[in-house]
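Please read this briefing with the structure in view.

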Amino acid sequence: MKLAGDAPVLGDLHEWAPEERSHVLSWRLLVSPYMWSVCRRYLPRAAAVTTVNRSIADLYEREFGVRPEVVRNSTRYRESVPSPLDGDRIRLVHSGGAVPGRSIETMIDAVDVSDERFTLDLYLVGAYGSDSYLDRLRDRVERSDRVRIHPPVAPDDLPATLNSYDLGVFILPPRTTNHRLMLPNKLFDFVQARLGLVFSPAVETDALITRYGLGVTTDGFAVDDLVRALEGLTAEQVLEFKAAAHRAAHELSSEHDLDVLRRTVQRVLAEVG
């Protein structure tokens, strides 16, 4: 705030900062109290704040008395169409960080024990400073004939790369508030790739999947939960999920979110002008 002087401050909170890494004991004990203090002191002084979804915005309002605007972690609209199915195969894909706790092993194990229709391709980014977890995943995949790991793809190229698949899959146990209220960028990448979705339960993703008919939500976070969700799918359902993503691609693109951000900036400038 000292650096800003008399200028208004727009704060992008992204997710729920006070408990961002509360599943890590050292962070919970040493960093979380500081984050709570910073939020209490500075958020009420900001001219405007943003966060990625309404559930997290409600938390900030309840705890700190600020009402964030919602600017989702979405990506730009892509001109594309859903790819056709390849016979009776259903091609699953996951993209993201190779980070312990992301349940990537759950996806691998579920595909290995599910029926022969399913394959899984993983586009993974190694954790900063260490590829040890990614190396362990590579060792695990070597024993599978239906799972492959690919090099990471630049974010702007990801929807085009993923378009040849059928279902984007993501399983994340709710170890933190942000996990429970997640609305990850990969959901929007999958939609722009015109994929159906298979996600584990979470408040915000459940709502979008249901509202737009994008796919299915598993009953839980275990291998068996994912296997049941996958094996209950028909080719006709998968095609409908992909068509639903195509219909929703405009509304779930960043154009809407950029409009929210522009209006927020214009409002702040008008208030000080």
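A residue is called buried when its relative accessible area is under 20%, exposed when that area is over 50%, and partly exposed in between. Glu251, with a relative accessible area of 42%, is therefore partly exposed. The model is a predicted one. The points below are grouped by topic.

**The largest pocket**

- The largest pocket has a volume of about 990 Å³.
- Its lining is made up of 37 residues, and those nearest the centre are Glu15, Arg102, Pro184, Asn185 and Lys186.
- Two or more residues of this lining come from each of β1 (10–14), β4 (90–98), β5 (118–126), α7 (177–180) and α8 (185–192).
- By type, the lining of the largest pocket has 16 nonpolar, 12 polar and 9 charged residues.
- Empty space of this kind is found by rolling a probe the size of a water molecule over the atoms.

**The second largest pocket**

- The second largest pocket holds about 240 Å³ of space.
- Of the 14 residues that line the second largest pocket, Val70, Arg72, Leu208, Arg211 and His256 lie nearest its centre.
- Helix α9 (residues 203–212) gives the most to this lining, with 5 residues.
- The lining of the second largest pocket divides into 7 nonpolar, 2 polar and 5 charged residues.

**Salt bridges between separate elements**

- How many salt bridges does the structure hold? The count is 19.
- One of them joins the side chains of Arg140 and Asp109, at 2.8 Å from N to O.
- Arg140 is in helix α5 (residues 132–141) and Asp109 is in helix α4 (residues 104–113), so this pair ties together parts that are 31 residues apart in sequence.
- Arg140 has a relative accessible area of 28% and is partly exposed.
- Asp109 is also partly exposed, with a relative accessible area of 25%.
- Another salt bridge joins the side chains of Arg211 and Glu251, at 3.3 Å from N to O.
- This pair links distant parts of the chain, 40 residues apart: Arg211 is in helix α9, and Glu251 is in the loop between α11 (235–248) and α12.
- Is Arg211 buried or exposed? Arg211 has a relative accessible area of 61%, which is over 50%, so Arg211 counts as exposed.

- The side chains of Asp135 and Arg138 form a salt bridge, at 2.9 Å from N to O.
- Where do Asp135 and Arg138 lie? Both are in helix α5, 3 residues apart, which is about one turn of the helix.
- Asp135 is partly exposed, at 37% relative accessibility.
- Arg138 is partly exposed as well, with a relative accessible area of 38%.
- Asp58, Glu61 and Arg67 are linked in a network of salt bridges.

**A nonpolar patch on the surface**

- Leu10, Leu258, Leu261, Val265, Leu269 and Val272 form a nonpolar patch on the surface.
- Together these residues have about 460 Å² of accessible area.
- Which element gives the largest share of the nonpolar patch? Helix α12 (residues 254–272) does, with 5 residues.
- Leu269 is located in helix α12.
- The relative accessible area of Leu269 is 52%, and because the cut-off for exposed is over 50%, Leu269 counts as exposed.

- Most residues other than glycine have a negative phi.
- His14 has a phi near 60 degrees, a positive value in a residue other than glycine.
- His14 lies in strand β1 and is partly exposed, with a relative accessible area of 33%.
- Arg194 has a phi near 65 degrees, which is again positive in a residue other than glycine.
- Arg194 lies in the loop between α8 and β8 (196–199).
- Is Arg194 buried or exposed? Its relative accessibility is 0%, which is under 20%, so Arg194 counts as buried.

Definitions and conventions:
Residues are numbered from 1 along each chain as its sequence is written. This is a predicted model: local features need pLDDT of at least 70, side-chain atom pairs count only at pLDDT 80 or more; totals for chains, interfaces and linings use all residues. Side-chain values use heavy atoms; hydrogens and water are left out. Patches are made of residues with over 30% relative accessible area and no salt bridge: like charges are joined within 9 Å, nonpolar side chains (Val, Leu, Ile, Met, Phe, Trp, Tyr) within 5 Å. Accessible areas come from the Shrake-Rupley method with a 1.4 Å probe; for residues, only the protein chains shown count as cover. A salt bridge is a side-chain nitrogen of Lys or Arg within 4 Å of a carboxyl oxygen of Asp or Glu. Helices (H or I, at least four residues) and strands (E, at least two) are DSSP runs, numbered from the N terminus. Buried means under 20% relative accessible area, exposed over 50%, partly exposed in between (1.4 Å probe, protein chains only). On a 1 Å grid over the protein atoms alone, a cavity is a set of points where a 1.4 Å probe fits but cannot get out, and a pocket is an open set with protein on both sides within 12 Å along at least five of seven lines; lining residues have an atom within 4 Å of a point. Grid points are joined across faces, edges and corners, and a volume is the space filled by probe spheres set on the points. Ala, Val, Leu, Ile, Met, Phe, Trp, Tyr, Cys and Pro count as nonpolar, Asp, Glu, Lys and Arg as charged, and the others, Gly among them, as polar.
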